[in-house]
Amino acid sequence: MAAPDGRRVRPYLATRGRTRPVQDIAIEALVSTTKDGRTRGADPEPERERILRLCHSPRSVAEVAAIVSTPLGVARVLVADLETEGLVRVADPHAAFAGSTEPARNLSVLERVRDGLRRL
Amino acid sequence: MAFVDSEVSDGTQADQDALSVKIVVAGGFGVGKTTFVGAVSEIEPLRTEALMTEASTNVDDLSMLPEKRTTTVAMDFGRITLADDLVLYLFGTPGQNRFWFMWDDITRGAIGAVVLVDTRRLADCFGAIDYVEQRGIPFVVALNAFNGIQEHDVEDVRDALQVGPEVPFVVTDARERESVKVVLVTLVEHAMSLIQQG
Ligand SMILES: Nc1nc2c(ncn2[C@@H]2O[C@H](COP(=O)(O)OP(=O)(O)OP(=O)(O)O)[C@@H](O)[C@H]2O)c(=O)[nH]1
Ligand SMILES: [Mg+2]
């Protein structure tokens, strides 16, 4: 995001219009780059660009923070802003089960986890 | 994952998203948490840092810090892809127990916790056990066999830790993948039985 005078703007300070508080994004929520995020040209902000490339295959917010080398809180803000701009999708495991039991308390999810672990 | 189509990722098809779940690996300093995670993770354990100020309200001794900044807290984690549409993350808690604010983030929505215990330093896990007990997080106690603990010692440790009979205890070697798998399966089954009991 370049300002007209060519100065770089730190986009993660642009906090308007988010769909939810940043702290609500689970550290294990999977982030994946959308078609818009893939087909758009390189993002001028290096950290954003790294996230967009990294998340061509889904990565958790924690992985994003670790691999892009930002503190967790900064990664959350970057991801939330990219989500607001439609460049990534955030599959929050808790939101996915909103209104019903959360996945960690869902027997069929736990069965699949157990069976998956046994197969390893 | 209902409709997998590698060509389609237009930001609208939520039903193609994989589900991610997590298990917490807790315990005192140097008890083998990172080793445990690394034994089953498909990636080298990664490290994430959080700034102390991110949730400073839960930090007990913030007054000790100059202008509540500076300190970062690290946690290690690993990933296990269990199926196309199911990913399990293992999060190790920070070694220093006083950073409880980080624990809230790590444990929220977790399947449960493995509390790793070094039987030579039992007191180091008291903080972790208090934390998970108070919040009703399903947990198992895994005795890390640094010095070859015997099965018959297990009940003595249970007594010493004052943990109820319903909590599974297992002896493990955090370096051994098969051993770590057993601990994780034990935890998941324990979490299932707690749900089934209502
Ligand atoms: N003999 C033996 N050594 C172990 C075992 N598990 C871990 N270790 C060793 O103990 C040391 C500490 O292990 P870590 O996995 O780093 O412990 P940690 O809990 O992550 O430590 P912190 O993050 O610093 O609190 C390392 O040198 C490991 O190789 C075990 O089951 N048996
Ligand atoms: Mg460690």
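A polar side-chain atom of B:T35 sits 2.5 Å from an oxygen atom of ligand 1. The model is predicted, and the distances, angles and areas reported here are computed from it. B:N144 also places a polar side-chain atom by the ligand, 2.6 Å from an oxygen atom of ligand 1. The backbone takes part as well: a polar backbone atom of B:V31 is 3.1 Å from an oxygen atom of ligand 1. On its own, ligand 1 has 650 Å² of accessible area, and the protein covers 67% of that area.

The shell around ligand 1 holds 13 residues. Those that come nearest are B:G30, B:K33, B:T34, B:T35 and B:N144. By class, the shell comprises 6 polar, 4 nonpolar and 3 charged residues. Helix α1 of chain B, residues 33-40, supplies the largest share of the shell, with 3 residues.

In chain A, helix α3 is a mostly buried element. Of its 8 residues, 7 are buried, so α3(A) is largely enclosed by the rest of the structure. The buried positions are A:V61, A:A62, A:E63, A:V64, A:A65, A:A66 and A:V68. Buried here denotes a relative accessible area under 20%. A:E63, with its charged side chain, is thus one of the buried residues of this helix.

The residue that follows α3(A) is A:S69, and its phi is positive, near 60°. A:S69 is not a glycine. It occupies the loop between α3 (61-68) and α4 (72-84) of chain A. Most residues other than glycine have a negative phi. A:S69 is exposed, with a relative accessible area of 60%.

B:Q162 has a relative accessible area of 70% and so counts as exposed, the cut-off being over 50%.

Key
Residues are numbered from 1 along each chain as its sequence is written. Chains are lettered from A and ligands numbered from 1 in the order in which they are written. This is a predicted model: local features need pLDDT of at least 70, side-chain atom pairs count only at pLDDT 80 or more; totals for chains, interfaces and linings use all residues. Side-chain values use heavy atoms; hydrogens and water are left out. A residue is near a molecule or strand if one of its heavy atoms lies within 4 Å of it. A polar contact is a pair of N or O atoms within 3.5 Å; within protein, one must be able to donate a hydrogen and the other to accept it, and residues adjacent in sequence count only if both atoms are side-chain atoms. Accessible areas come from the Shrake-Rupley method with a 1.4 Å probe; for residues, only the protein chains shown count as cover. Helices (H or I, at least four residues) and strands (E, at least two) are DSSP runs, numbered from the N terminus. Buried means under 20% relative accessible area, exposed over 50%, partly exposed in between (1.4 Å probe, protein chains only).
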